[in-house]
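Hello,

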Amino acid sequence: MDRVPVIKHAARLRGRKSYVRRVHHTIRHRPQCFLLPSHPKVETPRGSHLLPFAKMPPAPNGNVVLPSLRRTYQAPTSLNGSSVNAASSGSSSPFTQFGRSNVGHFTHSGSPGPSPSLHSAPSSHAASPAPERAPTSSATLSAVPGKYNGYADLPNQIYRRTVRKGFALNLLVVGETGTGKSTFINSLFSSDIYDGKESLGISNRIGQTIQVEKTRVTLMEKGVQVRLTIVDVPGFGHYVDNSNTWNSVVAYIDKRYHEYLEREMSVKRNLESQLDDRVHCCLYFIAPNGHGLRPLDISAMKALGTKVNVIPVIGRADTLTSDECREFKEKIRRELKEHDIKLYDFPAENDPDADEEDELKPTRNGHSKEPNAKALLPFAVIGSNTFIENKDGRKVRGRKYPWGTVEIDNSDHCDFTVLRRLLLRIHLSDLMDVTDQVHYENYRCEYFNKQNGPNARSTVDGGAAKESQHHQRSPLAQLEAEQKDMDARITRMKTEMQTIFDQKVREKERKLEETEKDLEKKYGNWDRDYEASGSGWSRNAGSTSCKKKALGETFPNLYAILQDELLRSNASDTNSSSGSPSNTAQLGTTMLKKSTKSKKSFLEKNFL
Amino acid sequence: MDVNRKPSGVDQSPGLSYVGFSDLPNLIHRKSVKKGFEFTLLAVGRDGTGKTTVVNSIFHTDIVTDKSEVSLKERSDSKVVLEPSTVELEERGVKVRLTVVHTHGYGDSLNNTNNPDPIIRYIDDQFDKYFADESGINRRHILDTRVHCLLYFIEPYQRGLKPLDVKFLKAVGSKVNVIPLIAKSDTLTKQELAVKKQELARDIEKYDIKVYQMPDGDDDDAEYKETFECIKKCMPFAVCGSNTPIDMKGHRVLARAYPWGILDVENSDWTDCKALRTMIISQMSDLQEVTHNVHYENFRSERLTDSGRSSKRPVDAERGYDKQIREKDQELKRMEEKLARMQQQIQQQKLDSAPVRDIRDSRV
């Protein structure tokens with residue numbers, strides 16, 4: 001019928017008859033799904049729930065409902081006159097109406113190809129919002145029918161969910177006292193997270209041993225909430241003996257991983273409701289001494305680099321001139337490479353929002369316009385959260401010296417803007433991903449290995465441990481291991497079977513021996529008796545009489561019986577002709593006769 | 001007394017007899033010019049605090065030229081290396097033999113508990129050497145290599161004194177004149193600098209650290225008093241050194257060029273380099289005196305009492321030695337007595353044999 005061409009087309013597309021029905025079914029509701037091979041890409045700006053469709057090209061055939069959103073239905077009014085009207089007056093559900101109208105449209109045109117028919121329809125249709133129908137909702141949605149499905153809205157859904165849920169950012173700041181960590185954090189987030197620390201006096205905060213301190217704040221920007229946790233280590237590098245000061249930091253990081261692991265492994269878990277507590281990024285502050293890294297820096301960064309994303313930062317960089325800064329950075333980069341320290345790898349930049357952040361001027365280090373993150377590592381930063389007036393009279397954040405004013409937002413002066421941009425605007429999600437997929441997984445593997453090692457029979461982790469072990473091994477190694485297993489099993493089975501076989505053989509032999517013995521016992525005597533008797537009952541002619549005699553001796557009863565029977569048989573022969581063998585005794589005798597006869601014959605056969 | 005003799009440059013009031021010993025300081029002055037001065041300076045601080053630069057800019061000469069690139073491996077082995085370098089400076093005929101001892105690796109290793117030891121040992125060695133020379137026979141040409149002044153460079157980031165600083169300064173304060181400095185002061189704004197100086201002064205008092213104090217000048221020397229007050233205000237000094245001469249307003253000055261400005265190191269509003277230089281140079285002889293009279297004497301008395309008193313082994317040895325001497329004396333005495341007795345015996349024998357002859361002699 002009318003639907004036939006459609007179905008056929010769909011069937012051609014899918015190639016399955018069973019599918020046809022489904023296709024047929026869905027055509028009612030979403031004709032455009034299968035009619036057109038492609039639909040134009042729709043740009044959906046962020047934000048409003050209603051806006052995405054404003055950008056779409058106006059529908060040539062008027063306002064059309066998008067099935068995914070169930071918006072106002074504006075039926076194509078002047079489309080093919082009567083059939084449409086008939087359709088539109090029908091059911092309340094917009095989709096079916098639409099479907100039918102489309103189908104009706106097909107009937108009208110009667111053309112086999114779906115797309116041309118669709119396209120031809122718009123030409124006959126006035127592309128105006130139908131005056132006789134007022135839009136029931138405020139938004140007039142226009143779409144090219146068959147060209148937009150709504151999948152493009154999915155990122156928006158995720159966006160909205162993230163906004164609603166909020167997210168957690170955990171930063172770890174490590175470095176010697178006075179390298180400007182607190183000030184930097186304040187200026188990074190443009191708020192006084194650490195305030196009044198100056199007045200407290202650091203000597204009050206530093207105790208006998210290294211303590212890890214956590215500061216938690218909730219920040220809000222443009223409706224997005226972030227729960228910021230800054231982890232600080234006061235007294236790092238302060239003591240006379242600083243070996244293993246990073247142990248407490250590493251322990252803290254591991255603890256967060258462990259908590260997350262336990263939450264993940266528990267039976268009832270609410271991973272979505274709880275925010276991520278793991279450390280996402282570690283900013284390591286290097287003191288600007290101009291000579292390179294210190295042994296403490298090397299050891300600490302080595303230990304932390306395998307656990308968390310480490311970004312090295314030169315604090316208080318206003319003590320270095322441009323040349324010194326460049327040399328210092330080169331030296332640090334060389335030493336980092338030499339000691340094989342793992343740092344966070346900034347992924348290749350594709351900057352989606354180049355709207356606000358300007359063209360970047362050449363930075364202090366004489367690099368080109370694009371902030372190539374790797375070339376600027378380690379970032380030389382200055383922190384300040386106080387506004388001062390610079391020589392132009394503008395109010396900027398910076399530090400005022402008698403010989404000049406340093407502005408932290410000026411990329412000529414320091415790398416603050418670059419670091420902020422990379423850290424917060426571009427790579428924030430990547431940091432979280434790397435923490436989740438790389439560092440956390442490493443921790444998990446290590447944890448299970450440890451579990452598996454000492455106690456191999458742990459039931460809870462056994463399966464998971466084996467799994468992780470398998471994950472860990474390379475496929476080749478795995479194959480080899482399996483091969484070895486198989487071989488071992490085979491040899492075991494072989495030996496087992498061999499032993500069983502041997503056992504059986506031995507048993508059989510034993511039994512045969514026993515039977516042999518028995519037989520020997522039974523019939524061996526005959527030989528002996530025969531030989532003992534000396535004559536008769538032997539194979540030779542001369543010995544038959546001996547045998548007979550011997551037999552007679554051994555089986556005296558038998559002989560007697562035989563004789564009696566012989567007599568009786570002679571006697572009964574005469575009787576048997578007359579009498580009937582009803583008498584059991586007679587029967588018995590006849591049987592006995594038979595038996596005796598057979599016995600006789602047997603004996604005669606064998607021993608004569 | 002030759003009244004007519006006119007001493008050089010001394011006002012003679014007529015009628016007063018002039019002795020002439022007021023010329024003595026001039027004579028000493030001339031002698032010292034001929035002899036020359038010797039001055040040793042020890043610069044201690046963490047790597048990167050600008051010790052080389054500051055020392056060079058104090059004396060306006062490149063004293064320490066080689067910035068030996070100590071590799072990280074060596075640094076982490078917690079070795080403190082001391083490098084003395086000597087320069088002979090001359091100004092207007094006055095010769096100064098300046099020795100600057102540089103330290104590498106101080107406070108940079110993971111475990112810094114042993115870091116003060118090499119430095120203290122060096123100071124003691126110099127004292128020892130001088131002591132040995134002084135007790136020797138030929139005392140004419142004693143080279144004074146004792147450390148006259150120790151510049152301690154404190155990082156500008158730390159608030160107050162760190163435990164390592166306290167430990168070192170306490171150990172060294174009784175041996176050497178210590179001058180604490182805030183290094184790399186260009187990181188600090190004026191307010192921060194004031195706060196830091198206060199904190200430092202408070203910590204020095206709190207831990208009872210001996211720091212070199214300038215002597216009070218005579219009351220009549222007003223100029224000296226002024227500079228003295230000026231310098232006193234600046235203590236502890238906040239220094240920032242520079243080796244690069246930059247053209248600024250037509251002059252060539254030692255300065256640091258930042259993107260946001262040029263820092264003139266000599267400007268006394270910005271850094272205390274000038275004050276430090278004034279102090280060291282003007283007080284050079286005073287530093288030497290204090291070293292000689294106070295620190296060296298302390299060392300000497302300690303050394304001598306130590307050797308005479310408490311350590312058991314040397315005393316035992318001495319006792320043993322005395323014993324031997326006494327024994328030997330006794331032996332000697334015994335032998336002397338024996339000899340005396342033998343002599344007496346011989347004499348008696350002689351006497352016994354002698355009178356026979358006398359009678360015969362007298363008959364003739």
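In chain B, B:Phe37 has B:Val96 in strand 3 as its bridge partner. The model is predicted, so to speak of limits: local features need pLDDT of at least 70, side-chain atom pairs count only at pLDDT 80 or more, and totals for chains, interfaces and linings use all residues; side-chain values use heavy atoms, with hydrogens and water left out. Residues are numbered from 1 along each chain as its sequence is written, while chains are lettered from A and ligands numbered from 1 in the order in which they are written.

Strand 1 (residues 37-45) and strand 3 (residues 94-104) of chain B run parallel and are joined by 7 bridges. Helices (H or I, at least four residues) and strands (E, at least two) are DSSP runs, numbered from the N terminus, and two strands pair if DSSP finds at least two bridges between them.

Helix 5 (residues 163-172) of chain B packs on the sheet and touches strand 1, strand 4 and strand 5 (178-182) of chain B; contact means heavy atoms within 4.5 Å. The direction of helix 5 makes about 170° with that of strand 4 of chain B. Axes here are lines fitted to C-alpha atoms, for helices over the stretch in contact, and angles run from 0 to 180 degrees between N-to-C directions.

The open sheet in chain B has 6 strands in the order 2-3-1-4-5-6, with mixed pairing. Its edge strands, strand 2 (81-91) and strand 6 (237-238), each pair on one side only.

In chain A, an open sheet of 3 strands has the order 7-8-9 and antiparallel pairing.

Regards
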